[in-house]
Each structure stands twice: as C-alpha cells, then as structure tokens.
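User: Could you walk me through this one? I'd like to go from the overall layout down to single residues.

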Amino acid sequence: MKKNSKKKATPKSGKSKLQATIADTSDINSRREEELKELDRVAKLLVRRDLRLSEALVELEKQRDELDKIAKMLVRRDLELLGIREEREREREKEFVELKIGAKELGRTTEALLNMLEDTERARGEAEEERDKTLAIVTNFVDGLLVFDKENKLSLINPQAEDFFDIKAAKIVGKSIPEFAGIPILELLLSLLGREIKAIFRKELTIKKNLVLEVSTIPIMREEEKVGTLTILHDITREKSIERIKTEFVSLAAHQLRTPLSAIKWTLRMLLDEDLGKITKAQREFVGKTYQSNERMIALINDLLNVTRIEEGRYLYKPTLTNIENITQFVINSYKEEIEKRKLKFEFKKPKKKLPKAMVDVEKIRLVIQNLLDNAIRYTKPGGAVTVFLKHTKKEIEFSVRDTGVGIPKDQQERIFTKFFRGANVMRMETEGSGLGLFITKNIVEAHGGRIWFESEEGKGTTFYFTLPAKKEFERFIEEF
C-alpha cells in the first residue's frame, strides 16, 4: 500500500515542478520581454542620441567650415592689410624720394628761372637793339616797304614808300587792302596786289609820269605759318628811262640800216638774175654769198625792230580764226629742202581728230613755229630725227617739236628765253644767230594767252612746247586782257 501511495505521490510533485518551471520560464520571459523592451527603448534612445549627435556633428562641421572661411577671410584680410600697409610704406618712401627729388628740381628750376630771367633781360635788350637796327634799316632803306599782317592790314610803311605815294603813315597804317580803294594814288597798287595780296615778283607799276616802281611781294613766315606779307617797291624810273633811250636808239639804228640793206638786197638780186648783164660762175658764187649775208643782216634788223616793238608795247596783233595745222604744214613745207639736205628723219604727227580753230595772228604764229623748227633742224646733226606734234588737250591746242640735237646745257636753261642769249655749245657749231628768236617767240605765245616751255638734256636733244587757247578761251583771254 505504501508503495502505491508513493507511486501516486510522485506525479503530483513532478507536475508542481513543471508548473514551477513554466512559471519561472514565464517570469523569465516576462523579464526578458521587459529587458527587450528596455533594450528597445534604450536602443531608440541611443538612435535618437546618435541622430542628435550626427546632427550636432553636421552642425559642428558647418560651424567648422564657417570658422575656416572666417579664418581664411581673416588671413586674407590680414594679408591684404599687410600688402596695403607695405604698399603705403613703399608709396610713402617713393613720395619721400620724389619730394627730395622735387626739392632738388625746385632748387634747380629756381636757379634756371633766375638764369632765364637774366637771359630774358639780355635777350630783350638785344631784341630792342635789333628792333632799333631794323627800324633804322627800314626807315633808311632806299626801296619802299609795306608790311601787312595776316589779316592784310597795313602795319608798317617806311618813309621812302610815303614819298612814293605822297602820303603819311598815320593816314593808312591799320587799314586793310580793300580800304585803299578810297585813296586815288593807292588804287593802282590795289589793282596790282589784289584784295588778298597775291604773289608778285618784279611787276612794274607806273605811279606817275616820272615814277615807275617794280613791285614784289614776299610772305613773312613763322615756322610754317604765314604771319604777314612784305611788299617791296623798287624805283626803276632811271632804268626804264635808259631802257627807253636804248630801245629808241636800236629802233632808229635798225630803221636807218634797213633802207640801205634793202637797196643792197635788190641790187644783188638784180645781179644774180643777170638783169644788169651776164656774170661768171665765180662772180655768181661771190654775189650769192654776199646776198645771203645781207639777208641775215636784214633778218637781224627785223628781229631788233620786233624786240623794240615788244618792249614799247607796239607789237600789233591781228587775230583771225585759223586752223593751226595748216600754218604748221606751210612752215614744214618751206623747210623740206633743208631737211633733205641735212638727211634728217622728219615726221609730222597730226592729230587723229580735227583740231578746233584758234584766234591767232597767222603771221606771228607762223614766225613762232618757224623759229622753233629752224632751231630743231639747225642744231640736229645729219642723220638725226626731228618730230613735230599737234594735239588738242582740254581747252588748248598744243604744238611741240622734238629733236635729237645737241640739247641745252643745264646751267644755261634758265636764260633760254632772254634777249641775245645763245647756248655755249650751239655757238661752237653755228656762229650765226642773234639770240632773239626765242625771246620773240615767248612774247608772241604769251600775247596769244598761251604757254611755252621746253625739256632738254645736253647731248640727247630738246623738245619745245607751246599751247594756244581754242577760240572761246582766246576770246575770254582777250576780254580779260
């Protein structure tokens, strides 16, 4: 029985233990759950703490970056301030050096100014002395002097000019050129100078019957600026009187010689034509040479008479409407025999289009072409070339003759159109000639309103040109003349 009872008691105690164990396990689980909950809560707290720490770290990073920026800015500012301070130090040193240099320069400038003042005083004294000398020269100058300022107002007139015009300086000094129109004796000067004072060189001005002045104007320049004009009045009354007497003498002598020379010419001509009887070959040769010499003398007399007429203004012109080509051809035809005799290559280059007619004195223009062509033929050696050109340029008719002759020496070219001039080289090869042909030629061309010029090289040849205005331009020139 007892054994049974024991066997029956054992299950009860095991169950109790199990329950106790379950209870304990339940407690443990409860505790674990609480611990887990606590751990979870702690973990969440830790996570939140970590988040806050992360945020704090980020914030700290930002603050650190800001601090770095600020630090860098401060460093940069310090460096800039240091640079500015150094720059200011350098500037102060530079200014100090410049001040020292300036002080020295000021000292030198002061010294220089004092020297300049001394030099200025000396220069002023010299200038006043020069002025007094100049005024003395101007006052006592044998020629009349008029000085105009850049506004063409008269600023100075010397006593000689006062005597020429019989006027006092106080009456005209300060007046402009146009204001001279109200003073009769100065109107002649006004007509020559023009209202703007044109350039004049040795132009004649007759003031009175016994007073002829030669007027020239010279611009007064200061560097490249024109500050006035000097007008020089040279008394050439005596020279003109002597020239007139000389011209009258030449004219009288020429006229007196012309009559016997004409008688000799016709007598010799009668002998050559055997009107006075037969002559031998030798006699014909001697009479022929005498006749040619007489012809040259008559040509010289004619040239002298032409020169005197030109100088006295009595060289009359009878212009007619003429074709220049016909005049040229006429002159060329008269020289054909001479051209062939000298074996020259001659060419007349006529214009392609018909030339306009010109108002010219046929006899005078024929003489011009004859003089130029004669020189070209005479001073070109046998086998050389002579070419005549005619062309129409703008409003002019241009004639030119080119040769391959001896040319004109360069140092003598300026005198080529003067009276009695002959080149040294042509005098050696051709002793005959008066030296008046080109002087007469130039006067005839210019009297027709034309121009004449030349190009030459010694030993290579010469080209002479002259132009004549076409009909309308010549009529305008005559009206103006």
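User: What radius of gyration does the chain have, and is the chain compact or spread out?

Analyst: Bear in mind that this is a predicted model. The secondary structure comes to 12 helices and 12 strands. The globule rule gives 23 Å for 481 residues, and the chain's value is well over that, so the chain is more spread out than a compact globule. Its C-alpha trace spans about 230 × 70 × 45 Å along the principal axes, and the radius of gyration is 59 Å.

User: What percentage of the residues count as buried?

Analyst: Here buried means under 20% relative accessible area. The chain exposes about 33200 Å², with carbon and sulfur atoms supplying 56% of that. Of the 481 residues, the share that counts as buried is 30%.

User: In the five-strand sheet, which strands sit at the edges?

Analyst: The sheet is open, with antiparallel pairing and the order S2-S1-S5-S4-S3. On average, neighbouring strands are turned by 25° against each other, ignoring direction. An edge strand pairs on one side only, and that applies to S2 (154-157) and S3 (203-208).

User: Which residue of S2 is the bridge partner of Val147?

Analyst: Strand S1 covers residues 144-149 and pairs with S2 in the antiparallel sense, over three bridges. Within that pairing, the S2 partner of Val147 is Leu156.

User: Which helix packs on that sheet, and what angle does its direction make with that of S3?

Analyst: Look at residues 184-193, which form helix H4. H4 touches S1, S3, S4 (211-222) and S5 (225-235). The angle between the directions of H4 and S3 is about 165°.

User: Moving on to S12, how many of its residues are buried?

Analyst: Strand S12 spans residues 461-469, and both of its faces are covered. On one side you have Gly461, Thr463, Tyr465, Thr467 and Pro469, and on the other Thr462, Phe464, Phe466 and Leu468. The buried count for S12 is nine of nine.

User: Is Ser400 buried or exposed, and what is its relative accessible area?

Analyst: Ser400 is found in strand S10, residues 396-403. Leaving out residues up to four places away in sequence, Ser400 touches Thr387, Val388, Phe389, Thr463, Phe464 and Tyr465. Ser400 is buried, because its relative accessible area falls under the 20% cut-off. The value is 5%.

User: And which residue in S12 is the bridge partner of Ser400?

Analyst: S10 and S12 run antiparallel and pair over seven bridges. The bridge partner of Ser400, though, is Tyr465.

User: Which residue in the turn between S11 and S12 has a positive phi?

Analyst: Strand S11 (residues 451-457) is antiparallel to S12, with seven bridges joining them. One of the pairs is Arg451 with Thr467. The two strands form a hairpin with three residues between them, and the turn residue with a positive phi of about 85° is Gly459.

How values were computed:
Residues numbered from 1 in each chain as written. Predicted model: local features only at pLDDT ≥ 70, side-chain atom pairs only at ≥ 80, totals over all residues. Heavy atoms only, no water. Pairing = 2+ DSSP bridges. Helix = DSSP H or I, 4+ residues; strand = E, 2+ residues; numbered from the N terminus. Axes fitted to C-alpha atoms, helices over the stretch in contact; angles between N-to-C directions. Contact = heavy atoms within 4.5 Å. Buried < 20%, exposed > 50% of the residue type's maximum accessible area, 1.4 Å probe, protein only. Rg over C-alpha atoms; globule rule 2.2 N^0.38 Å. Areas by Shrake-Rupley, 256 points an atom, 1.4 Å probe, with all protein chains shown as cover.
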